[in-house]
Amino acid sequence: MWFKTLLTFVAVQAAAQSNPFRPPGPNDVRSPCPGLNSLANHGEKYTLLGDIKAKNPGFIPHNGRKITVPMVVDAFKEAMNVGADFVTAAGTIALQANPGLFSTSFDLNDVKKHNFPLEHDASLSRQDAFFNRDQSFDNDVWSQTLSHFEGLDTATIQAASDARWARENDSLAINPSVVFGARQLVVSLTETALYLSALGDPVSGAAPVPFIKSFFEQEKLPFDLGWTKPDQETNLATLGAMVSLLQLANPGAVPEGLNLGTGTVRDVFNLIDPVTGKLTTVTCALLGLC
């Protein structure tokens, strides 16, 4: 037992030293996603020599610029053990946020476009775009989310589901231009499944609350609190299973025709309407029509 503890301590120290945390500077850009921002906050220079990634410390560029899909796939796998099947799809969507034609990279602030397939109302830590287009961390919104973990050392599926459900209901009640349909619901559930998995366990969803606070409040991977990436990979299959559990714990009605699970998560992150099965477009999403 002591040997395993020693190995864990060594792994934590090695990860923290090779990927130190640095908050963003005045010329760095960030997204509405704590996961991407955390990877950048643990990033150093990330250069390309032809098609070869230079082996500099860090996960993605600290400045949040010129990020490619392979960079994101490598970073999520290395940092959090999140699989390529999910990250490739999500990264490809982020790539489409770049306003340039035929772009091969994106900047983190490109992903701020409201109702773009990755950004949506009812965030766990941001105000809806109707109230704040900046979409930076909002302590009041986060306090509402965090209240559902009060008294808990470890987050549960039920508590996380309640927190997400409360944010959805709040947006529906106070935002006159809220857009929250089947696609937004699946993205929202997947985000909750992702942080529970990466910071805790991809099967049970048990994640220590201090890890979650560090991740959202500081946009920091909580190496200093003893966190290490899970041994089991988080992927479309595990996320789909946890999305189903989160919704089962949620009193909200699922839109008619929507069946939650791995296939639905895969569809949404490949821009396929989760109810009709039709391919959607970025323009449709931006206009809030799908």
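Predicted model: local features only at pLDDT ≥ 70, side-chain atom pairs only at ≥ 80, totals over all residues.
I started with Asn81, which sits in the loop between helix H3 and helix H4 (84–95); helices (H or I, at least four residues) and strands (E, at least two) are DSSP runs numbered from the N terminus. Asn81 is not a glycine, yet I found a positive phi of about 60 degrees for it. I also checked its cover: Asn81 is buried, with a relative accessible area of 7% (buried is under 20%, exposed over 50%, partly exposed in between, with a 1.4 Å probe and protein chains only).

Residues are numbered from 1 along each chain as its sequence is written, and side-chain values use heavy atoms, without hydrogens and water.

Next I looked up Lys66, in the loop between strand E2 (52–53) and helix H3 (69–80). Its phi is positive too, near 50 degrees, and Lys66 is not a glycine either. Lys66 is exposed, at 62% relative accessible area.

Then I turned to the whole protein. I noted 11 helices and four strands. Of its 290 residues, 51% count as buried. The accessible surface (Shrake-Rupley method, 1.4 Å probe; for residues, only the protein chains shown count as cover) comes to about 13,300 Å², with 58% of that belonging to carbon and sulfur atoms. For contacts (heavy atoms within 4.5 Å) with a separation of 6 or more, 61% join residues 24 or more positions apart.

Last, I looked up Ile174: this residue lies in helix H6 (residues 157–174) and is partly exposed, at 47% relative accessible area.
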